[in-house]
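The following exercises concern a predicted model.

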Amino acid sequence: MTNHWVDIKNANVIIVMGGNAAEAHPCGFKWVTEAKAHNKATFIVVDPRFTRSASVADLYAPLRTGTDIAFLGGVINYLLSSDKIQHDYVKAYTNAPFIVAAGYGFDDGLFSGYDAAGRKYDKASWAYEMGLDGYARVDETLQHPRCVLQLLKTHYSRYTPEMVSAICGTPKETFLKVCEAIATTSVPNRTLTFMYALGWTQHSVGSQMIRTAAMVQLLLGNMGMAGGGMNALRGHSNIQGLTDLGLLSDLLPGYLTMPREQETDYQGYIDKRALKPLRPGQMSYWQNYAKFHVSLMKAWFGDAATRENNWCYDWLPKLDKVYDVLQVFELMHQGKLNGYFCQGFNPLAAFPHKAKIGAALAKLKYLVVIDPLATETSCFWENYGDLNDVNPATIQTEVIRLPSTCFAEENGSLTNSGRWLQWHYKGAEPPGEAKPDADIIAGIFLKLRELYQKEGGVFPDPILNLTWNYRIPRSPSAQELAMEYNGRAIADLPDPKDPTKVLVQKGQQLDGFAQLRDDGTTACGCWIYSGAWTEKGNMMARRDNSDPSGLGNTLGWAFAWPANRRILYNRASCDPSGKPWDPKRRLIGWDGSKWSGVDVPDFKPDVPPGDAMDPFIMLPEGVGRLFALDKMAEGPFPEHYEPFETPIDTNLLHPKVISNPAARVFKGDLEAFGKGTAFPYAATTYRLTEHFHFWTKHTGLAAIMQPEQFVEISEELAREKGIKVGDKVKVSSPRGFIKAVAVVTRRIRPLQVGGKTVHHVGIPLHWGFTGVARRGYLANILTPFVGDANTQTPEFKSFLVNIEKIS
Amino acid sequence: MDVTRRQFFKMCAGGVGGSSAVALGFAPADALAEVRPFKLARSTETRNTCPYCSVSCGLIMHSLGDRAKNAESSIFHIEGDPDHPVNRGTLCPKGAGLVDFIHSPSRLKYPEYRAPGSREWKRISWDEAFTRVARLMKDDRDKNFVATNDAGATVNRWLTTGFLAASASSNESGYITHKTIRSTGLLAFDNQARV
Amino acid sequence: MALQSLDIIRRSATTTPSPGQRKTPEVAKLIDVTKCIGCKACQVACMEWNDTRDRIGTNHGVLDNPVDLTADSWTVMRFAEVVTERGLEWLIRKDGCMHCADPGCLKACPAPGAVVQYASGIVDFHEENCIGCGYCITGCPFNIPRLSPKDSKVYKCTLCSDRVVAGVEPACAKTCPTGAIVFGTKEDMLRHAEERIGELKERGFARAGLYDPKGVGGTHVMYVLHHADKPELYSGLPKDPAIGPAVELWKGAAKPLAALGLALVGAGAFFHYVTKGPNEVSGEIEKEFDDEK
């Protein structure tokens, strides 16, 4: 979230699209209710299903699954063609005036630079036109034919209300009502917020769906504003934290990035990431990259990391490609992996195409499962009839299952969607011999290091030199680890303003990332978390919930990254002259000598208004990007592409380019994609409010509330297929089948798409073959093995199935 | 008033029970009862955070005993932390039922081992488990570690083992997991960010 | 001071007067159906707090689960898909004891002290006095109490009398994520309802209103409804609930009759109860209810 949960109450219009906050995040959703009750907000839900969120909405718009870009592209077209944008904001704070390089183009579904054989783009032409001064060229009049605003207008002019309705199946009048409500927030004193979740990310064009909405927010001047922003409602309690800490193939903590194998030179690695400003006078915060990186290497490798060895640059593994989970399971399926660890993760249920995942796991030599619960993955080798039809005798995988503690049995912090790090405390001992995750990792690591010490082996250096100064080495405490990621001074740090003074003494905890150095005198395990545990103590455990402004910015509650800031880009809540766009939502302001207010300013605090420096300091151009340059795989402007399994077998905008041309598809998976003829119904998987993924089926209370697997279909489809309420049905895709109870409902309705009736089948995903709820089929038996072109998030939300009554 | 035969029967029966009981000496004083005692009166409170979704609601966990040496804590009730700025004491159905997660019959209690081709789990000790896991890792890493690529560049990567990290565990667990796993050169590393 | 007085103002099958000197506030739970998202947090919190666990059932082709109130499920969400002039509406109502000011269960109950009403307005079952006859079930105009097959006693929502007496709101009200359930003095809840109804009218729900039915003397669980003119849209919420004529007749005109004319029969019936025990009686009664359905 750019903003945070409580801030939703400040919105005037709230759109839940690509998510279902009332069901998946009920206690955060309360702030929607508050905005409605106390801010007279209009609440809109756009979803293929009339969800529990929709049940309390002022306006519900149905759309066909996977067509959100068409819908939002239509919104952009509406805003531009009816002149409902916040002009001053767009001109000053977005790249609308920037001139795009001459080679850029878009024609019949493809952007310039497409390589059909490689299913990828040469993105050289997706760039700004650069001036001789080394800065990007802009046209303040916004009239240049190649300025971003003009290209934007042209690109989305195809997304007429008629086209939107034809693609999405949304009635045109309903679509226009949504547009009108959105447009009311183009004035400075009204804001819109988007609340989305996996309903956007889990598409082959998921990242671009989110981008389209973010562009709407930039056009309306809603980024950086209280009650505005782009608000990703993350799934797991600490998925934000794990992402922040970089536990992904290509990331390091704090969104530092792993080196590629071509990056053989340390300085080249740093320079590429220390982005130079693209406009005169702009601050480009990533210029500090080296400070964050060197401090990380010092935290991990201590004295072994020196300037001479480029701070152990060679010790970091170099990527030849990104090893996202689809890639990894593809390799595993090919027999190219020997070992796999699942720490609190149930891939047999969580990744698409269960049959392929199960077959892949069976090719491993060893599987280690660390979990508080008996997951399906740990039992993948056990036969459960139709639910998991395997022969244990033929599965040669060695499985080691290690019991971990749950939340109630440990100290530590979790980072919520609003970027708050909140500390929690142990309340009881775990059952049996279960251990905290940190102890389990320590136990494995210490044994491994002991083996390398005793036996030697291949390249043991990073393992032998990893810092491990914990009081009880086999049980590092949460406090020690939190202090390590916060960072400390390795030597006395002189005050940059007065070198005779010491700012931080050797050994002391740092106050924040502004104190980090690139000379090896600071160590910090995650720069954006710096400030979480300072010399003053544990900032994450703070519990002052006072809210002096009434805007919900409780700065004394826990710690929010970065720097305890609650609303990102908040400099953009003021106009270029420093006045708040809306005095009622004053987050920060210029007090004559610095920026201050009810939030921590997201800006260089002593740069006065009127300076050339623009608000988006994490971007080298300083302004929000309507044109994404080369940052996205499938184009600088989002374009509607159909799901890989589409019920209409065409793309109404460009029939020659149906689905995402830049998405990676593995050999064999393409053949397993369903066609509308054999599998005529659009299917989507989702969560129910009563359950959490594959986890709560292990808890009695949740099992009582929603005991048995079901699927949801419309009354019309039920009639067509002779299915009655409560009948048992079989739902199949080219990859397998599930059996479930039919819930026949008016909340799902057939949509008219390009002259064709499209039916949806809704598939909740909570059941499996372990737990206390009634046993059921893992829903991913049905789902396709393809992901978003940028993130490789699987396309769980749009695929094709058939459904029949079981007689 | 339209009274059916059946209702009349019920009326009589109801009347009979009440009147006769009083008549036979069921004095009201004997029937006095109190409200069920408040079950949290002397429980120990611990603050925590809900482990399910990313709203991260504040929790108050109530456990048996007062942390005296001879009392073993057991959490018997959980409700929302009313001071928490986001959830303000509320919990959703999943959070409200957390006590059944803590005490789920599916909780794992001991390290277990399943041999290749076997149909069953075998309980093992932590030392056996750590030793076996470290041995499997080292053998695989030593055999398959890639120090340089075809172009001769140093890459120091280990691609034949992968790791999925838990997104419901704490930042501290995540941090030490990242640090440890990267030190081995592993790249097939992911978490629930995608699913 | 706790909001609730433990003063008992009425007790089933009891003729002696209750203490009436003290005046303590009446409490109420207000369920704003227009804010409810049907998440069932109230169902879980109720079960968790009261240490009951219903059986793990099956899916009946609807989202409702458990599908009905039981001796373990003292509240359930009832989901109704209704098409109104506004299009499809999903009306989700939390069902459970209404804590009537004039409680039919208490009036019908023949077991002294098995049903009591506190000065706060809470109607509570004291199961140790319950004989399992099931008359309270007949007496309830909302079809709420449920007989337990396990111990042949009747259970229902207590409005968390054990929490309220300690100064804490009921478990369902505390947990409700959207604030659809609020709790306070009846006076405050009436004011709160009025504000909500005003807001709903502004949003175009011209018939929004409060459900606090007079037929049972008003209730201590009230609803804000978008369509207050049609409560039956909400999974059959009765439009004009009243205590059954049989119960009224017994408590009113028939009372002297019972005292005089039915004394002998009464003794017989009681004799039957003490010799055969409550199970058989309750079994018969249950069968009657089944027949009625």
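**Exercise 1.** In which sense, left-handed or right-handed, does α16(A) cross α5(B)? Determine also how the two helices are oriented and which residues bring them into contact.

*Solution.* 
Step 1. The crossing in which α16(A) passes α5(B) is left-handed.
Step 2. The helices concerned are α16, residues 437-455 of chain A, and α5, residues 171-183 of chain B; they pack at an angle of about 20 degrees, and their axes are 8 Å apart.
Step 3. Angles under 35 degrees count as roughly parallel, and therefore α16(A) is roughly parallel to α5(B).
Step 4. On the side of α16(A), the contact is made by Asp437(A), Ala438(A), Ile441(A) and Phe445(A). On the side of α5(B), Glu172(B), Ser173(B), Ile176(B), Thr177(B) and Thr180(B) take part.
Step 5. Sorted by class, the residues of this contact comprise four nonpolar, three polar and two charged.

**Exercise 2.** How many residues of chain A are in contact with chain B, and which element gives the most to that side?

*Solution.* 
Step 1. Contact with 101 residues of chain B is made by 135 residues of chain A.
Step 2. The element of chain A that gives the most to the side touching chain B is α16(A), with nine residues.
Step 3. The residues on this side of chain A are divided into 75 nonpolar, 43 polar and 17 charged.

**Exercise 3.** Which domains does the domain assignment of chain A give, and what makes up the contact of domain 1 with domain 2?

*Solution.* 
Step 1. The assignment gives domain 1 as 325-409 + 429-465 and domain 2 as 681-805 of chain A.
Step 2. The C-alpha centres of these two domains of chain A lie 28 Å apart.
Step 3. Domain 1 of chain A contributes 19 residues to the contact, and domain 2 of chain A contributes 19 residues.
Step 4. On the side of domain 1, the elements giving two or more residues are α13 (325-333), α14 (347-350) and α15 (354-361) of chain A. The largest share, three residues, comes from α15(A).
Step 5. By class, this side of domain 1 of chain A holds eleven nonpolar, five polar and three charged residues.

Methods
Residues numbered from 1 in each chain as written. Chains lettered and ligands numbered in written order. Predicted model: local features only at pLDDT ≥ 70, side-chain atom pairs only at ≥ 80, totals over all residues. Axes fitted to C-alpha atoms, helices over the stretch in contact; angles between N-to-C directions. Helix = DSSP H or I, 4+ residues; strand = E, 2+ residues; numbered from the N terminus. Parallel < 35°, antiparallel > 145°, perpendicular 65-115°, else oblique. Left-handed = near helix turned anticlockwise from the far one by under 90°. Contact = placed C-beta atoms within 7 Å. Nonpolar A, V, L, I, M, F, W, Y, C, P; charged D, E, K, R; others polar. Domains from an automatic or database assignment.
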